[in-house]
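Subject: A structure for you to look at

Hi there,

Here is the structure I promised to pass on to you. Please open it and keep it beside this email as you read.

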Amino acid sequence: MVTLAGSYGPARAADPEIKLGFAKCAHCVPMGLTPQLAKGVAIDATAFTSGNDVLTALVSKSVDIAQVTYLHFVTALDKGFDIVAISGEVNGGSELLSAPALGLKADDWDGLKKLVAARKQAGTPLRVAASRGNAQDLHMRGVLATHGINPDKDVQFINIPNPADHAAALQRNEVDLVSTVEPFASQIRMNGAGKHFDFPYDQAAGKLTNLIVTRSDVIRAKPQAVQSTVDAVVALVGKLKTDQGMWVGAIAKYTALDPRIAAAALDNAYPDYAMYQKQTLAIARMMKDLHYVSTDVSAQIPSHMDYSFLARSTGKTPADLGQ
């Protein structure tokens with residue numbers, strides 16, 4: 001079990017309880033440390049297989065606060081769900097990896113475009129995998145489009161819901177290219193199942209990945225507990241910037257991967273509690289253009305990003321925090 005030194009400890013049993021959900025990826029699992037950083041609230045933190053599962057838990061009221069992604073936030077608004085973003089957490093964590101047999105060099109987009117065209121012409125389109133609905137799927141689709149590859153028409157998309165299965169799919173020659181999340185990207189590189197091709201950040205979402213979200217009924221019923229949870233997230237981000245050992249320990253605990261893989265994953269992760277509204281609007285438009293959502297929810301976004309908790313936690317203005 002990961003422990004933290006210093007004055008931080010578990011909240012008292014009498015404190016208000018918040019049920020918190022997070023996904024099992026390198027930039028998500030540090031949320032499992034928030035109970036140890038919490039003051040004035042008892043946080044019950046639960047790990048889920050993917051961000052899709054976390055969002056489902058939030059909207060079904062199984063959890064009160066959830067770590068999801070900007071993609072999940074926009075998707076939830078598109079579906080009419082009650083969702084409010086209250087903090088950032090960690091960004092980055094995405095990587096495109098190719099099967100070694102393809103012989104692709106890193107960042108060789110011209111080579112990839114030629115390969116995609118040849119495979120399409122031959123009737124055997126390039127098989128590109130991701131976990132449908134996760135940030136890495138959106139990053140992949142956006143960066144392919146940026147480089148002139150239509151993700152809906154030029155390649156065959158393979159949905160592998162659990163990112164932990166991406167390495168095996170490459171090893172079994174079931175896919176040619178995968179857009180995956182850390183620490184599974186580092187696992188693929190380090191065991192030779194795939195080669196680095198690109199960090200897929202050349203699209204509207206950039207490196208933005210994680211958001212901490214809740215529902216309006218939770219804010220009304222437990223405003224101070226929500227505030228204390230955001231305080232814990234801000235404290236967590238500060239810890240992650242200075243204590244990589246704590247972060248590696250969390251990854252190893254929740255994914256059971258070698259600590260060397262966990263350490264490598266941190267090269268592609270960026271702790272940041274800000275919420276970037278302008279970029280979120282661009283993400284929403286990109287998701288509509290890519291047919292990821294049925295409507296452009298840009299007009300709804302400002303009213304569903306509540307900066308008040310983050311502002312109180314940090315002493316910064318909403319403008320300083322990305323509004």
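Let's begin where the two domains meet: 28 residues of domain 1 are in contact with 23 residues of domain 2. Please keep in mind that this is a predicted model.

To find the domains on your screen, colour 18-92 together with 208-321 as domain 1, and 94-198 as domain 2. You will see that domain 1 is made of two stretches of the chain. The C-alpha centres of the two domains are 26 Å apart.

How much area is buried between domain 1 and domain 2? The value is about 2000 Å², and carbon and sulfur atoms give 65% of it. In case you wonder about the unit, the size of an interface is often given as the accessible area lost when the parts come together. On the domain 1 side, the residues that lose the most area to domain 2 are Ile261, Leu290 and Tyr292, which together make up 28% of what that side buries.

Next come the polar links. Eight residue pairs are in polar contact between domain 1 and domain 2, with both residues at pLDDT 80 or more. Salt bridges across this interface, on the other hand, number zero.

Which elements give two or more residues to the side of domain 1 that touches domain 2? They are helices H2 (51-59), H3 (70-78), H10 (244-255), H11 (259-265) and H12 (277-289). H11 provides the largest share, with four residues. Sorted by class, this side of domain 1 has 14 nonpolar residues, 12 polar ones and two charged ones.

Now for some side-chain pairs. The whole structure has 12 salt bridges. One of them to look up is Arg189 with Glu95, where N and O are 3.0 Å apart.

Finally, a few spots in the backbone to visit. Where is Pro183 found? Look in the loop between strand E9 (177-181) and H7. A cis peptide bond joins Glu182 to Pro183, with omega at about 5°.

Asn173 has a phi near 60°, which is a positive value in a residue other than glycine. You can find Asn173 in the loop between helix H6 (166-171) and E9. His291 likewise has a positive phi, near 60°, and is found in the loop between H12 and helix H13 (308-314).

Best wishes

Notes. Residues are numbered from 1 along each chain as its sequence is written. This is a predicted model: local features need pLDDT of at least 70, side-chain atom pairs count only at pLDDT 80 or more; totals for chains, interfaces and linings use all residues. Side-chain values use heavy atoms; hydrogens and water are left out. Domain bounds come from an automatic or database domain assignment. Contact means heavy atoms within 4.5 Å. Buried area is the accessible area (1.4 Å probe) that two parts lose on being put together, summed over both. A salt bridge is a side-chain nitrogen of Lys or Arg within 4 Å of a carboxyl oxygen of Asp or Glu. A polar contact is a pair of N or O atoms within 3.5 Å; within protein, one must be able to donate a hydrogen and the other to accept it, and residues adjacent in sequence count only if both atoms are side-chain atoms. Ala, Val, Leu, Ile, Met, Phe, Trp, Tyr, Cys and Pro count as nonpolar, Asp, Glu, Lys and Arg as charged, and the others, Gly among them, as polar.
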